[in-house]
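User: Please take a close look at one part of this model for me. I'd like a single connected walk through it, with the terms spelled out as you go.

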Amino acid sequence: MSNTLFVTPFMTPPRSSTATTMALDSNSSRRVPRNRDFLDKHGHRHHSYDPEKAPYPLSYDRQVLELENMDHSFVMHVKKSVSVVQFPDHISPKRSLDLGCGGGTWILDAAKEWPDCEFVGFDLVDVQVPSSFLEPDIASRVSWVHGNFLTTKLPFDDDEFDHVHMHGLGRGIPENKWGVLFEEVNRVLRPGGVVEVLEHDILFPTLPTWFTAPLRARNKRSDSVHYPNGSHHHIDKLPSSQPDIPPLPHDHALLESLYYAVFANRFINLRPTAILPIYFTSNFRRVISAPIVHFRMPALPPLQALPQPLPPNALLMEASLSSDRSETTSQPHAPLTPRPFAVSFSSTHSSATSKSASSGESSLFSHMDGSMLSYPTTSPADCSPQSPVLSCDTANTLNSEIATAHVVKKPLYTVDSSAAESTSMGVAPSHSLIPLDEIDKLSERSLAMQLYWSYQSVLACQEAMYEELLDRTRNRTGQLAECGWDSDQELSELESRTKFEILVDRYKRDMQARISLWCSLAELGWSVPPREAMSKAELVEEERLYRAMLEARRFASEEDLYTPCRSVRIFVGYKDVQ
């Protein structure tokens, strides 16, 4: 989920589908086969529809499609079912429509849970699992239909479905289209049929400056000249010709502004959880609106252990190896010990991992016994006689500082119960839609999944954000200046595209540091791979960065640590029995 944080169901890479796929011909209202039609934008796959007709701004890259799997796995874990609806007498639907089905993950699990139900997945483009990859029993009950429900009516008969499923459509539906869409959903539902909607607000997760400043310090070593005697001289930067700009609220203010502008320009409301009840209750008299659940940012994990120093003769060995390679000789040489390579998280496998995975003893979704989280800290090996940089006292000091970073388990979420309501007698209470008791059992590290989902959703919109940036460079340069576009001297001479990609990459790396994948791996029982050994100068710089990050955490406020990173809400509506 790229380095995937959580194990999700298998997602087949996009390919030509042999499933039953149909598209609506807008000129004749008949169904015709349709080939997938994508545009490549700087290496990212996007639909080819005009933004005014299909304003969905996210890409269809694999890591974006995998977010659907991750979200579905989370709902399945806490709800133990593909549906939040309590069906009478446990009788499952006979025909179900998944509107905006994406890759088809929900349908494939629902087909297993409801073996007597037929399914139709409707989506803008063909990214679903081909039928040749499905079990025959499931393939015979699933069909994929493609079209644009924002410009044409749904290509289904009145009263055709017992159940409609809608998950995460808010990022592609303008506010003035919700009413028409729910009218269509009401039309295709049979009397007594039910629609369930899971929606989330559009949030740009941010990081406070005290967190990102030390991460940025590594890139500014050239500002000072260090002499052999240990002294250093700071190089003053030339004064900027740019006018004084008020301090930005955080390092990624420009990306945040571009992200929200993408949806504002498409007339997409940033808070569908707040506006949907208006349109939902206008079309369904029997409605359950669950409370809004705000998942907070994950707690700050301790910093990862400092790496080992290089052996004293490492540089001589490297020079000797280079010299030997430049000489043509048949004399065999004894093997030299090379500088160790960094080990990738995705390729590391240990016996502890195998045990944890096979026995199911540990999971990022599992219940935590006790109130404290413990993670690996600096190991005793870092306090070695061979290390010219880290003395035992230094290592012990760092250990004691890290020990204070242990996290007391606090509620993973807050609930806005003021929004919850039921509009008809005989309907289950609104809180029954969300199994809060199951969410309470989740690990603290499960919040990293929510943050990952949110920031990956931002990255999925980067091409739409870049188009907004280009428009500002041509017509609204003042807005760019306010967001610090020209104030970063390291990027001032770069072209717009290169500069934009660097800003996006910074945001990605900062979020990866905040999520701290290694902590999730450690909790799952993986052995955290050792970091690449460093020279004396590199270790000095690493320790300086290490201390700067520890010191920065002293400025953390309660608001910074527990601000929401994701907000979700569930709605259920029933069509009146005529």
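Let's start at Lys80: does this residue count as buried or exposed, and at what relative accessibility?

Analyst: Lys80 counts as exposed, at 53% relative accessibility. The scale behind that word calls a residue buried under 20% relative accessible area, exposed over 50% and partly exposed in between, with a 1.4 Å probe and protein chains only. Before going on, a word on the ground rules: this is a predicted model, where local features need pLDDT of at least 70, side-chain atom pairs count only at pLDDT 80 or more, and totals for chains, interfaces and linings use all residues. Residues are numbered from 1 along each chain as its sequence is written, and side-chain values use heavy atoms, with hydrogens and water left out.

Back to Lys80, which sits in the loop between H1 and E5. Its backbone is worth a look too: phi is positive, at about 60°, although Lys80 is not a glycine. Most residues other than glycine have a negative phi, and most peptide bonds are trans. Asp159 is another non-glycine with a positive phi, here about 55°. Asp159 is found in the loop between E7 and E8 and is partly exposed, with a relative accessible area of 41%.

The whole protein comes to 18 helices and 16 strands, and 49% of its 578 residues count as buried.

A cavity is a set of points, on a 1 Å grid over the protein atoms alone, where a 1.4 Å probe fits but cannot get out; lining residues have an atom within 4 Å of a point. Points are joined across faces, edges and corners, and the volume is the space filled by probe spheres set on them. The largest cavity has a volume of about 630 Å³. It is lined by 33 residues, with Tyr56, Gly100, Asp123, Gly168 and Leu169 the closest to its centre. H1, H2, E6 and E8 are the elements that give two or more residues to this lining, and H1 has the largest share, 6 residues.

The second largest cavity holds about 200 Å³ of space. Of its 18 lining residues, Phe74, Val75, Leu198, Val568 and Ile570 are the closest to the centre. At least two lining residues each come from H1, strand E13 (292–296) and strand E16 (564–574). Here too H1 supplies the largest share, 5 residues.

Then comes the loop between H1 and E5, where Lys80 has its place, exposed and with a positive phi.

Terms used. Helix = DSSP H or I, 4+ residues; strand = E, 2+ residues; numbered from the N terminus. 1 Å grid on protein atoms, 1.4 Å probe; cavity = no way out; pocket = protein on both sides within 12 Å on 5 of 7 lines; lining within 4 Å.
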